[in-house]
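Biologist: Hi, could you walk me through this structure? I'd like to begin with how strands pair.

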Amino acid sequence: MSKASRIHPAVLNAAGDHREGKMNRREFLRFATLLGASVPVAYALAGCGAAPAAEAPAAGAPAGSDTGAEAASGAVKRGGTWTASMQLQLLDHPARLSWVEGANIVRQMNEYLTETGPDNITRPLLLDRWEASDDVKTWDLYLKQGIKFNNGDDLTADDVIFTMGEWLNPDVGSSMLGLLGSLGSIDNVEKVDDYHIRLNLETPDIAIPESLFHYPAVILHRDFEGDIVKQPIGTGPFMLEEYAEGERARFTRREDYWQNGEDGDPLPYLDELIFVSTDKDAGVAALQSGQVDTMYDPRPSDFQALQGMPDLTIRPVSTAQCLVLRMRVDLEPWDDNRVRTALKMCQDRAKILQLAYFGEGDLSIDAHFAPIHPAYAEKPIPAYDPDGARALLEEYAAEKGIELPLKVTLATKNDQNEPELAQALKELAEPAGFDITLDITEPGGYWDRWTEVDLGITSWTHRPLGVMIAALAYTKESIGAWNETRWYDDDFTELLNQAQSTLDVDARRELYSQMEDIMQERGPIGNSFWKNVWNITRSEFQNVVAHPTAYFLMADVWKDA
Amino acid sequence: MARFIVRSLISAVLTMLIVSAALFFFLEVGSGDVTVKILGIESTPEQRASYRTQLGLNAPAWQRYLDWLAGSDWRAERAVGLPLVTVRNESTDEAEWWAERDGELVRWTMRDGELYQLTRQADGSSVESPADVAWQEGENGASYFWGVDADNNAVMWMRGAGETVWVRTKAGFRKEGDGPREYIPLRKGLLRFDAGKSLQTGRPVSVTLWPRVRNTLILAGLAFLIVMPLAVFLGVIAGINEGTWIDRVISIGGLALTATPEFVTGIFLILIFGVWWRVFPAVAIFTSPNAIFEKPMLLVLPVMTLTAVELGYVARMTRASMVEVMEAPYIRTAAIKGMPRRRIVMRHALRNALLAPITIIMLHVNWLIGGVVVVEAIFGYPGLGSYIYSAAIFGDPNAVEAAAMLLVIIAVATRLIGDAAYMLLNPRIRYS
């Protein structure tokens with residue numbers, strides 16, 4: 001087994017990488033657009049004189065003279081079929097997608113305005129660039145010119161505005177509606193010209209570029225009538241030939257895709273993509289026997305089973321997915337910060353990571369901010385301290401006049417190795433004076449009561465920015481919705497509000513640093529580690545990337561056979 | 001015989017009615033909000049309510065059951081006031097609903113608060129023109145119109161109701177007080193061979209169900225064709241050699257195979273033949289609709305698994321029956337009068353010995369069809385079993401009902417065939 005190099009969570013060394021020649025100019029330019037959204041001067045720093053729009057049609061191709069670090073032309077091979085195992089269900093209106101598998105189908109033929117890469121940095125894709133006003137309430141989106149749909153029509157602002165209208169139409173039922181709460185209504189979307197759209201937000205929102213890569217947010221053709229299988233029109237590199245729910249999906253290569261490959265001809269390199277609908281157990285067996293080339297989102301047990309297979313390459317990637325040990329701060333004994341802190345001190349993080357996730361992840365502090373978030377401020381990982389925890393608990397018990405051990409019930413679901421975490425914690429917390437009873441149900445059983453149990457382990461999915469999670473789960477307004485702990489803190493909220501309108505990453509890191517401290521000091525959650533996810537693909541496929549949200553990005557994958 | 005068949009058919013229809021009603025109401029009570037499953041947990045209550053209306057799920061359960069059984073076009077026709085007809089769309093191969101007015105087929109669509117009429121042309125396309133319809137007076141000065149939309153629903157459009165909804169325009173969306181208010185999804189009902197639309201796939205059930213039925217019938221049929229002759233042969237061999245080492249090997253081997261559940265046999269077969277030796281495909285990966293014919297090797301391991309489980313049971317049954325017959329006086333008489341042993345077995349013993357197993361065998365067709373669920377799950381085989389399983393988990397009434405009705409039909413048919421075969425083998429038996 002060959003393990004591809006892991007993408008480092010620290011994301012802000014890009015400029016240095018560029019100077020040292022590790023990152024080519026195109027990459028740096030995209031990165032500069034990210035930072036320079038309100039600081040267009042960044043373009044000058046990159047030493048790029050040409051108007052970005054002029055090179056848009058070839059933006060995906062390396063500008064040959066850049067760094068010389070590119071692979072020699074001719075090294076890539078064209079052709080071949082790639083087969084994946086992934087469950088396929090209802091697919092009609094992409095804006096209505098509520099499952100990543102469906103988005104993995106749609107993204108092969110439809111594209112997003114932006115793209116959040118495996119390094120968790122968001123860059124323009126169909127957009128040429130974006131600009132935000134200083135108060136982060138006005139966003140100017142500039143489309144690349146010369147991009148064509150696979151029916152020959154040009155991509156213009158009309159298509160984008162039509163698509164945004166679909167997101168915001170309650171009758172369509174898109175989760176983009178909730179995500180773009182800052183946008184409010186389609187009246188706030190303004191067409192400046194054919195390639196320039198302005199979003200006039202009602203409240204500041206720095207997460208617009210990330211939201212535009214939320215998986216239902218593919219750009220549709222302006223004549224779309226509600227069923228992508230019947231109208232497979234998009235700007236993407238592949239064309240849908242067949243879609244059968246619960247059976248398979250098949251794509252063939254498009255000849256006139258707008259991005260060019262390393263050999264100067266249009267992408268993609270592969271001729272055909274086939275998705276076969278199986279469950280994950282069958283997917284593992286099919287990978288082992290060589291019937292498929294990859295599977296969607298392997299579970300830890302699948303990773304264990306496939307580890308060591310000679311012809312597979314396992315690519316791990318850090319994510320902001322985690323199993324949060326969360327405590328209801330409105331209920332005894334968790335309303336007392338000493339008890340919360342004591343339980344947090346009982347986490348032997350390295351051991352928990354080993355037991356619950358085979359060591360495949362990054363250790364975490366007790367805050368819902370991940371190292372992969374761009375503005376994360378580095379903090380030391382707290383050590384396992386049962387004696388300190390015991391001292392805190394004894395103080396609490398003496399005050400309340402109760403006897404140790406403190407009996408508590410830990411609820412969770414039997415889904416993604418939560419039981420292993422719960423069991424490990426039970427044993428680690430025993431010397432500190434906790435007597436933990438486990439209450440483990442099927443996933444559906446836990447999701448019915450996840451906001452209600454007093455102590456629980458909840459799995460949280462990846463979100464590209466830390467403020468997105470904090471706003472969703474740790475504010476007063478979110479009680480009754482996603483705030484499962486009922487915790488909010490005035491200082492924290494104040495910092496969060498500032499962070500939500502701070503575009504500059506370094507300035508935001510200062511705020512994150514204080515928010516992380518507050519959560520560690522008096523917050524409602526313990527968090528031992530951030531999960532890795534894996535892309536496990538047959539080794540002859542090159543340019544494969546592992547994405548934190550298990551997306552299949554296939555435009556420049558090629559088969560060395 | 002004719003009376004017997006008629007009686008069987010009547011009982012089959014009754015069974016189907018009872019099963020379908022029971023299933024429908026169990027699914028109604030047992031499964032959660034299906035719009036959450038479709039739209040995801042991040043959808044808002046308003047979005048879910050709107051989607052429920054679009055799916056026609058706000059109608060009472062008894063009404064939806066009747067729609068499922070007998071169709072909804074009756075009541076939709078009353079609302080619309082025009083005959084509703086279906087036309088097959090050549091490009092998608094799915095049925096489309098149209099209203100018939102003055103010899104023309106028409107539908108309607110609303111944009112920017114204006115209603116447009118789509119008139120179907122001979123080539124299947126449609127021509128759009130401003131709608132010339134009579135709006136009826138509703139409450140609060142609003143007016144409404146019942147028509148057919150482009151998504152096969154009877155729709156009530158509202159004008160001047162003053163509520164805020166989003167209306168699609170060419171360049172995006174505009175706020176309007178007008179729009180669709182009520183939906184009746186159009187369907188013919190099972191009695192007219194329309195199983196309706198699956199909520200899980202968004203397509204007509206028949207489109208997704210038939211390939212699954214075909215796959216399961218091929219798998220079960222192949223297993224049947226291999227198991228039954230083999231099992232009967234082994235059973236007869238064991239039976240006429242009662243007490244010898246051949247009998248012991250067959251009996252104990254059969255018992256061992258039957259005692260091992262198919263998920264154990266299946267996993268071992270996958271590991272040995274699929275993963276270690278790689279001689280047969282480990283799981284059933286269908287890379288094309290007809291993969292089963294292009295790569296018949298896909299079937300090897302699932303059929304072997306089914307064979308292993310079925311073989312022992314039928315073989316032991318045949319053996320017991322054979323032993324009993326071989327001890328009968330008429331066999332002894334035949335042997336005493338000097339008839340060759342082969343002739344005794346083939347002419348006199350076999351026919352009587354097969355009477356008991358034949359019933360078991362026909363009952364086992366049902367078992368095979370239903371029991372392949374486990375085998376289909378192990379091998380990721382896209383068959384009827386996995387179809388029902390996923391539909392039931394999702395809470396997709398139309399899909400579950402259609403599959404269940406098929407299973408009832410198969411059960412009744414195999415029983416009929418079993419009874420007929422029994423009669424042929426034993427002329428003393430008469431059904432009336």
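Biologist: Which residue in E8(B) stands opposite Val148(B)?

Modeller: That is Ala154(B). Keep in mind that this is a predicted model.

Biologist: Noted. How many bridges hold E7 and E8 of chain B as a pair?

Modeller: Six bridges, in the antiparallel sense. E7 of chain B covers residues 143–148, and E8 of chain B covers residues 153–159.

Biologist: What is the strand order in the sheet?

Modeller: The order is E6-E7-E8-E11 in chain B. The sheet is open, has four strands and pairs antiparallel.

Biologist: Which strands stand at the edges?

Modeller: E6 (136–137) and E11 (179–185) of chain B. Each has a single partner strand, so one side of each has no neighbour in the sheet.

Biologist: What holds paired strands together in general?

Modeller: Strands of a sheet pair through backbone hydrogen bonds, parallel or antiparallel.

Biologist: Which helix lies across E7, E8 and E11 of chain B?

Modeller: Helix H5 of chain B, residues 73–80. H5(B) runs at about 135 degrees to E7(B).

Biologist: Let's zoom out. What are the domains of chain B?

Modeller: The domain assignment gives two entries. Domain 1 is 39–70 + 72–186, and domain 2 is 206–425. Their centres, taken over C-alpha atoms, are separated by 50 Å.

Biologist: Now the contact between the chains. How many residues does each chain put in?

Modeller: Chain B puts in 36 residues and chain A puts in 38.

Biologist: Which element of chain B gives the largest share?

Modeller: H3(B), with four residues. Other elements of chain B supply at least two residues each, including helix H2 (34–39), strand E9 (165–169) and helix H8 (262–276).

Biologist: How do the residues on that side of chain B divide?

Modeller: There are 15 nonpolar, 15 polar and six charged residues on the side of chain B that touches chain A.

Biologist: Over to chain A. How many helices and strands?

Modeller: Chain A has 17 helices and 21 strands. It is 561 residues long, and 53% of them count as buried.

Biologist: Take E19 of chain A. Is that strand mostly covered or mostly open?

Modeller: Mostly covered. E19(A) spans residues 529–538, and nine of its 10 residues are buried.

Biologist: Which strands join E19(A)?

Modeller: E13 of chain A (residues 312–327) joins E19(A) by eight bridges, running antiparallel. There, Val317(A) has Val533(A) as its bridge partner. E14 of chain A (residues 361–363) joins E19(A) by three bridges, also antiparallel. Gly361(A) stands opposite Lys531(A).

Biologist: Next topic. How many residues are in the largest nonpolar core?

Modeller: It has 227 residues. Cys346(A) and Ala403(B) have the most contacts inside it. Helix H6 of chain B, residues 205–240, gives the most to this core, with 13 residues.

Biologist: What does Cys346(A) touch?

Modeller: Leaving out residues up to four places away in sequence, its contacts include Pro386(A), Leu425(A) and Phe434(A).

Biologist: Last one, Glu420(A). Where does it lie?

Modeller: In helix H13 of chain A, residues 418–429.

Biologist: Why does Glu420(A) count as partly exposed?

Modeller: Because 17 other C-beta atoms lie within 10 Å of its own. A buried residue needs 20 or more, and an exposed one has 12 or fewer. Beyond its neighbours within four places in sequence, Glu420(A) is in contact with Leu355(A) and Ala356(A).

Conventions:
Residues numbered from 1 in each chain as written. Chains lettered and ligands numbered in written order. Predicted model: local features only at pLDDT ≥ 70, side-chain atom pairs only at ≥ 80, totals over all residues. Pairing = 2+ DSSP bridges. Core = buried A, V, L, I, M, F, W, Y, C linked by C-beta atoms within 7 Å. Contact = placed C-beta atoms within 7 Å. Axes fitted to C-alpha atoms, helices over the stretch in contact; angles between N-to-C directions. Domains from an automatic or database assignment. Nonpolar A, V, L, I, M, F, W, Y, C, P; charged D, E, K, R; others polar.
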